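This report walks through one protein model. Keep the sequence and the structure in view while reading.

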Amino acid sequence: SLNAACSHTIVSASLGSMGLCRLFGVSWPWSLAAGLGVYLGTSSWKYFYIAARTAKRDLNGLYVLMRVKLALWRYMHHGSNIPSIFAQTVKLHPNKPALIYEATGEMWTFTQLDEISNGVAHWARGQGWVSGDVVALFMESRPLQVALWLGLAKVGVEAALINFSLRCDPLLHCIGVSESRAIVFGAELADAMLDISSTMSQSMVRFCTGDLSAEQLACLAAQPLDPILAAAPKHSPSPCVPPKGMNDRLFYIYTSGTTGLPKAAIVVHSRYYRIAAFGYFAFRMRSDDIVYDCLPLYHSAGNIIGVGQCLIHGLTVVVKKKFSASRFWEDCIKYNCTVVQYIGEICRYLLSQPVRPAEKQHKVRLAVGNGLRPSVWEAFMERFGVAQIGEFYGATECNCSIANMDGKVGACGFNSRILPNVYPIRLVRVDEDTMELVRDSRGFCVPCRPGEPGLLVGRINQQDPLRRFDGYANQDATKKKIAHNVFKKNDSAYLSGDVLVMDELGYMYFRDRSGDTFRWRGENVSTTEVEGILSNLLGQTDVAVYGVAVAGVEGKAGMAAIADATGSFDCSNFLQDIQRVLPPYARPVFLRISPHVDTTGTFKIQKTRLQREGFDPRLTNDKIYFLNTRGARYEAMNEELYNAIVEGRMSL
């Protein structure tokens, strides 16, 4: 309406006057007074209240946005890419530690990382790989993983970063969808490779890093990579032809989606820069910071938010092979870390540790991550003396990332209520059961009011590196994440798949994932993928997989309802089978064994009642089992065990 448009214009003018005052060094009280002068008598006090409460936050957000946007424009104008940006970093800090491997204490300077990645580039070219070819990397976190994808990128080859927990069919699927010409695997994953070796294409060239005997290498038809890299030239390779720019593909990161098996999300060079730079500027990192990165390097959090600070901003990053709650603070002290990374669960694991002196003797001032519950948030800051939490939201492939820049407890980010069009993301109404968009009489999406849950969407503009959506290796999967006629006729927007809620000041709060995925142990679990695997194991039996909430625990624990008409289901055999084919986070924590599983009229498995009843043995006559990971067995659920789990006396 005209009134709304006028009020937005007036608020923009008043905010502009405040911004100018601050730019010229005027104090906040006088700047607000100037804004008030423009505003008074022209619009409602509500908007003035919101502007007064959020102006500083919004202007800081605008500054971060413009800084990243200008840097991206400059890099695109000069034909830069991630390897060339890294080359500038090497010139600035040739002898500074770049990556430290916590497992061995090994340290690489920026020059050494550059030379090792150059060796990778020469090896790749010697294999005959050209710009646009793909090579899969399958290994536990280590600095060499960074040198591998970076070296491949120097000659235009794209790495597919594969989750080291995957086994059997999901592993084969991930290698297959990337159309990789070769795979480099860690010796620690030789068994996983052996499981798929005969099924994998024989034209797939295989290289192993780490110690394997000649017999094991022969069995896997693999060549040892370490001696090849040790003998490779260390000078910069000649540029790849055609050259790769900021909008070209850098690598693939796999994201668990609602369509079943993991999808290969395309990460272009500008996206890598954007994610790393937003993390750096939004959370006020410094060039002398040392980052403790205990998150897997096959995820964007570990490899972009973490390692990106090393490659782009010259920070030292400590790479941890696997997260350890008992060693966390000792590691931070040992390496003088000032920034740590987390997923929500990590902070809870640290809080559950016994009090030890090291937890207050560190220099950590900032924790960056996502999924931190409000109840854990303040307890974490207080107990461990961490001054700042940098909570953010954003999938690897999304164009609607948000960040909590001012430490509002519980919020995963914000969007300006006063200048919403500066960053065109919205919460729109959605049917939470079907995740279908709700549309108005004109066919457009309906924006949510403050306090009303909605699907987060981001307007797509392929010409803008901040607004573009590159999608997945699979075109059909890409199309499913795009909606049309969202804000106006013929536009398009990225569908995040996540329901958030925004308060009146524009702070956004995460709501659990709906539909076919749930989050557990920091991973997205695809119910359709796990259902398919379990059904295959059990001779195509009906299986329903869903997430159930457990009091005091982040995410949702996996539960599988299994049809067993004959009463022949064997828990111990089932556990042995799933340990072979499912990563730990995807294994059902609870089982429900039933004569049959409810289906809809169209033969879709009906989960609503199952989810509502959860794992409470009092609500059903079906047999329920709990996976006791310490005892490595499924235990029959009774009221005593149920109460122990609900009261937090039994760890999951």
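## The five-stranded sheet

Five strands make up an open sheet of mixed pairing, ordered β26-β27-β28-β29-β30. Its edges are β26 (543–548) and β30 (633–636), each of which pairs on one side only. On average, neighbouring strands of this sheet are turned by 25° against each other, direction ignored. The model is a predicted one.

Helix α17 (residues 527–537) packs on the sheet. The helix touches β26 and β27, and its direction makes about 140° with that of β26.

## Pairing within the sheet

Strands of a sheet pair through backbone hydrogen bonds, in either a parallel or an antiparallel sense. Both senses occur here. β26 and β27 are antiparallel and share six bridges. Within that pair, Gly547 stands opposite Gly558 of β27.

On its other pairing, β27 (residues 557–563) runs parallel to β28 (residues 590–594), and five bridges join the two. Met559 has Phe590 in β28 as its bridge partner.

## Nonpolar cores

The largest nonpolar core holds 176 residues. Which of them touch the most other members? They are Trp123, Trp149, Tyr272, Tyr273 and Phe590. Phe590 is also the β28 partner of Met559. Helix α11 (residues 269–282) supplies the largest share of this core, with nine residues.

Tyr272 shows how such a residue is surrounded. Leaving out residues up to four places away in sequence, Tyr272 touches Ile82, Trp149, Leu250, Phe251, Val267, Asn303, Ile304, Val307, Gly308, Leu311 and Ile312. Another core, of 28 residues, lies apart from the largest one. Its members include Ile100, Cys294, Ala325 and Trp329.

## A buried glutamine

Gln309 sits in helix α12 (residues 300–313). Its relative accessibility is 0%, so Gln309 counts as buried. Beyond its neighbours within four places in sequence, Gln309 is in contact with Ala276, Gly279, Tyr280, Met285, Ile304, Gly314 and Leu315. Ile304 is also among the residues touched by Tyr272.

## Cysteines without disulfides

How many disulfides does the model have? The count comes to zero. For Cys294, the closest cysteine sulfur is that of Cys332, at 8.1 Å, which is too far for a bond. Cys294 counts as buried because its relative accessibility is 4%.

Cys337 is in no disulfide either. The nearest cysteine sulfur to that of Cys337 belongs to Cys332, 4.8 Å away. The cut-off for a disulfide is 2.5 Å. At 0% relative accessibility, Cys337 also counts as buried.

## Confidence

The protein has a mean pLDDT of 90, and 90% of its residues reach 70 or more. Two stretches call for caution. Over residues 20–24, pLDDT stays under 50, and the model has six contacts for them beyond four places in sequence. Over residues 38–42, pLDDT likewise stays under 50, with twelve contacts beyond four places in sequence.

Conventions
Residues are numbered from 1 along each chain as its sequence is written. This is a predicted model: local features need pLDDT of at least 70, side-chain atom pairs count only at pLDDT 80 or more; totals for chains, interfaces and linings use all residues. Side-chain values use heavy atoms; hydrogens and water are left out. Two strands pair if DSSP finds at least two bridges between them. Helices (H or I, at least four residues) and strands (E, at least two) are DSSP runs, numbered from the N terminus. Axes are lines fitted to C-alpha atoms, for helices over the stretch in contact, and angles run from 0 to 180 degrees between N-to-C directions. Contact means heavy atoms within 4.5 Å. A nonpolar core is a set of buried Ala, Val, Leu, Ile, Met, Phe, Trp, Tyr and Cys residues joined through side-chain atoms within 4.5 Å. Buried means under 20% relative accessible area, exposed over 50%, partly exposed in between (1.4 Å probe, protein chains only). pLDDT is the predictor's confidence in each residue, from 0 to 100.
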